[in-house]
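I set out to record what I looked up in this structure, entry by entry. The notes begin with one residue and its neighbours and then widen to the chain.

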Amino acid sequence: MTAAITAAWAIALVAVGVASVTGILPPDTRWWLWTCAAGLCMGLFGLWYVPRLKNSRARAAARRSLPPGQASGQFSAEPSSESRDSGSKTVSSTETPGSSTRS
């Protein structure tokens with residue numbers, strides 16, 4: 001889609017440029033040249049930027065889907081020594097059998 005719109009701005013720039021040079025375009029409407037040039041420049045920037053944005057998002061998603069020890073490409077055979085404590089003061093029913101956590 002970006003390529004099609006960029007091509008349309010390029011065609012418009014050529015058409016307005018030819019109309020300006022041949023005198024068909026009045027002098028007070030020559031600002032259209034700058035409009036077409038700006039559209040073409042933004043389209044070229046989009047063609048450069050969008051693939052890089054997609055690639056960086058794909059890399060970030062791939063990093064998020066890996067386990068913590070494998071994010072750097074190293075695989076660990078040892079279990080993680082990180083604490084699973086979430087900071088909650090609630091006692092789970094598996095830690096205190098027979099008692100309820102409801103008040």
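Entry 1. I looked up the contacts of T6 and found that T6 touches L40, G43, L44 and L47, leaving aside residues up to four places away in sequence; contact here means heavy atoms within 4.5 Å. I noted that T6 is placed in helix α1. Helices (H or I, at least four residues) and strands (E, at least two) are DSSP runs, numbered from the N terminus. T6 is buried, since its relative accessible area is 5%; buried means under 20% relative accessible area, exposed over 50%, and partly exposed in between, with a 1.4 Å probe and protein chains only.

Entry 2. I recorded the basis of these notes. The model is predicted, so local features need pLDDT of at least 70 and side-chain atom pairs count only at pLDDT 80 or more, whereas totals for chains, interfaces and linings use all residues. Residues are numbered from 1 along each chain as its sequence is written, and side-chain values use heavy atoms, with hydrogens and water left out.

Entry 3. I turned to L40, which is placed in helix α2. L40 touches T6, W9, A10 and L13, again not counting residues up to four places away in sequence. The C-alpha atoms of L40 and A7 are separated by 7.7 Å, although the two residues are 33 residues apart along the chain.

Entry 4. I checked the extent of helix α2, residues 31–65. It has 35 residues and reaches 50 Å from its first C-alpha to its last, close to the 51 Å expected at 1.5 Å a residue; the expected span is 1.5 Å times one less than the number of residues.

Entry 5. Which residues of α2 are buried? I listed C36, G39, L40, G43, G46 and A60. The buried residues of α2 pack against α1 (2–22). An α-helix has 3.6 residues a turn, so residues three or four places apart point the same way.

Entry 6. I compared two cysteines. C36 counts as buried because its relative accessibility is 3%, whereas C41 is exposed, with a relative accessible area of 53%. A search of the whole structure finds zero disulfides, a disulfide being a pair of cysteine sulfur atoms within 2.5 Å.

Entry 7. I then looked up W34, which is placed in helix α2. W34 counts as exposed because its relative accessibility is 68%. The C-alpha atoms of W34 and V16, 18 residues apart along the chain, are separated by 9.9 Å.

Entry 8. I looked up Y49, which lies in helix α2 and is partly exposed, with a relative accessible area of 38%.

Entry 9. I closed with the protein chain as a whole. The chain has two helices and zero strands. Of its 103 residues, 12% count as buried. Its accessible surface comes to about 8800 Å², of which 63% belongs to carbon and sulfur atoms; accessible areas come from the Shrake-Rupley method with a 1.4 Å probe, and for residues only the protein chains shown count as cover.
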